[in-house]
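These are my notes from one sitting with the model. I went from element to element and wrote down what I looked up.

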Amino acid sequence: MNYIHNFDEPINRVGTDSFKWDYEGEDGKYIPLGVADTDFKAPQPVIDAVRKVVDFGVFAYGALPQKRFAEAVTGWYKKRYDLTVDPETVRHSQGLMTGALWMILNAYTRPGDKILIQSPVYNTFNVVIQGAGRFVESNDLILNNGHYEIDFEDLEKKTADPRVRILLVCNPHNPVGRVWTAEELMKMYEICKKNNTLIVSDEIHGDIVYGDNKHIPFFSLSPEVADNVVVMSSPSKTFNLACFYSAYVVIHNKALRDQYMVVYDDYHFDYNYLGIEGLIAAYNECEEYVDQQNEYFQKNIAIFRNFLKENMPEVKMIEPEGTYLLWVDFRAWGLPQDELMQMFMKGGVKLNSGSNYGKPGVGFARVNIATQTAVLEEALAKIKAVYDEWKAQS
């Protein structure tokens with residue numbers, strides 16, 4: 001199938017009940033480069049699949065098409081990663097955070113247990129963990145010469161605490177853009193295995209990687225590793241399908257899988273009738289969209305990189321290995337975090353405050369470049385104008 005998507009197509013999302021443009025952007029008052037969705041239409045085969053369901057016109061209770069669903073997921077792993085995954089290991093969830101992660105916490109931990117995260121990291125991890133009555137512990141990443149690394153010595157100490165039941169890994173990492181190597185993944189696994197800590201890997205950004213970097217699904221390292229990790233993912237970032245809340249977990253260990261399904265069944269969860277068809281169409285028919293989109297992201301990243309170099313070289317972008325989220329170091333400006341974010345808002349742009357992602361994020365901002373290049377360039381022009389005004393007054 002020769003499918004070419006127009007990522008430059010202007011799309012006005014204001015007034016569409018968009019979290020990004022109507023809530024974060026305050027009905028178009030600001031250009032929002034924050035919340036992690038894209039401003040692109042889904043690929044046409046997904047739209048066609050959903051339209052077929054809509055045209056049928058009956059939206060009654062559905063029965064999850066487990067076989068078609070699991071085969072679409074395993075087919076994607078075969079096409080994208082050359083991995084043969086047993087469909088029996090794939091189970092449905094209603095999104096990742098309040099779906100998969102919430103069920104995982106209830107299946108494998110109890111209130112009062114500790115969950116280990118690696119800050120700066122996606123802030124909803126904290127929200128879900130604390131909301132479930134668990135405690136958050138952090139194995140902070142180390143920023144070394146513009147490159148984030150895992151503090152393995154600290155990881156060893158933290159997982160030695162028997163109350164730490166899960167290490168929650170983000171790979172590719174949101175917001176710092178690391179794509180963890182096989183060596184890094186294996187070292188995390190060995191430490192956690194020794195200390196009886198379950199690894200749960202959020203791999204929702206796994207399809208979005210650049211250059212020679214390669215996303216390695218955690219379970220693919222070895223059969224032994226696969227038996228001791230839980231991977232959760234979704235097509236929502238790759239194909240802009242977040243509102244469908246159609247996600248999945250891959251659990252090779254039957255006992256862990258059965259525990260997960262006890263929670264799933266106890267709460268009588270259903271599924272999104274439209275969303276599952278969207279997932280199946282995306283994974284079965286839309287690989288070309290992903291390759292084209294990744295090229296587009298790289299173009300936008302280059303524009304942002306050059307913008308900083310030419311206009312504010314003291315600001316440092318952490319070079320992304322994956323995701324469409326840039327982690328940008330503004331500490332050279334010496335501004336308190338609130339003033340830093342207000343400065344961008346004064347210019348008409350909303351970014352995500354680095355402090356949202358833990359104490360190591362103070363002085364940083366997260367920038368989402370998954371928008372039309374024309375929109376990104378307009379936002380950068382606004383940032384330059386307010387920056388030039390600030391420098392003139394300094």
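Entry 1, a bridge pair. I began with Val-169 and looked for its bridge partner in strand 8, which is Ser-201. The model is a predicted one, and I read every entry below with that in mind. Strand 7 and strand 8 pair in the parallel sense, over five bridges.

I asked how many of the five residues of strand 8 are buried. Five of the five are, so strand 8 is largely enclosed by the rest of the structure. I then sorted its side chains by direction. Leu-198, Val-200 and Asp-202 point one way, while Ile-199 and Ser-201 point the other way. Residues on both sides are buried, Asp-202 and Ser-201 included. In a regular strand, side chains alternate between the two faces of the sheet.

I traced the strand order and got 2-10-9-8-7-3-4, seven strands in an open sheet with mixed pairing. Strand 2 (90–93) and strand 4 (135–138) stand at the edges; each has a single partner strand, so one side of each has no neighbour in the sheet. From one strand to the next, the twist averages 25 degrees.

Entry 4, the antiparallel pair. Strand 9 (residues 229–233) and strand 10 (residues 247–251) pair in the antiparallel sense, and I noted four bridges. For Ser-233 the bridge partner in strand 10 is Tyr-248. I also looked at what lies across these strands. Helix 10 (residues 254–266) lies across strand 2, strand 8 (198–202), strand 9 and strand 10, and it runs at about 25 degrees to strand 2.

Two packed helices are described by the angle between their axes and the distance between the axes. For helix 6 and helix 7 (residues 182–194) I noted an angle of about 25 degrees, with the axes 9 Å apart. The two helices are therefore roughly parallel to each other, the limit for that being under 35 degrees. Their crossing is right-handed. On the helix 6 side the contact is made by Phe-152, Leu-155, Glu-156 and Thr-159. Helix 7 brings Glu-184, Lys-187, Met-188, Ile-191, Cys-192 and Lys-194. I sorted the contact residues into five nonpolar, one polar and four charged.

I found Ala-160 in the loop between helix 6 (152–159) and strand 7 (164–170). Is Ala-160 buried, exposed or partly exposed? Its relative accessibility is 47%, so it counts as partly exposed, since exposed requires over 50%. I also checked Ala-160 against Asn-196: the two are 36 residues apart in sequence and 8.6 Å apart in space, C-alpha to C-alpha.

The axes of helix 13 and helix 14 (residues 373–393) come within 8 Å and cross at roughly 120 degrees. That makes helix 13 oblique to helix 14. Met-343, Phe-344 and Lys-346 make the contact from helix 13, and Ile-383, Val-386, Tyr-387, Glu-389 and Trp-390 make it from helix 14. These residues divide into six nonpolar, no polar and two charged.

I placed Gln-337 in helix 13 (residues 337–346). With a relative accessible area of 11%, Gln-337 is buried, the cut-off being under 20%. Leaving out residues up to four places away in sequence, I listed what Gln-337 touches: Ser-353, Gly-354, Ser-355, Gly-361, Val-362, Gly-363 and Phe-364.

Key:
Residues numbered from 1 in each chain as written. Predicted model: local features only at pLDDT ≥ 70, side-chain atom pairs only at ≥ 80, totals over all residues. Heavy atoms only, no water. Buried < 20%, exposed > 50% of the residue type's maximum accessible area, 1.4 Å probe, protein only. Axes fitted to C-alpha atoms, helices over the stretch in contact; angles between N-to-C directions. Parallel < 35°, antiparallel > 145°, perpendicular 65-115°, else oblique. Left-handed = near helix turned anticlockwise from the far one by under 90°. Contact = heavy atoms within 4.5 Å. Nonpolar A, V, L, I, M, F, W, Y, C, P; charged D, E, K, R; others polar. Pairing = 2+ DSSP bridges.
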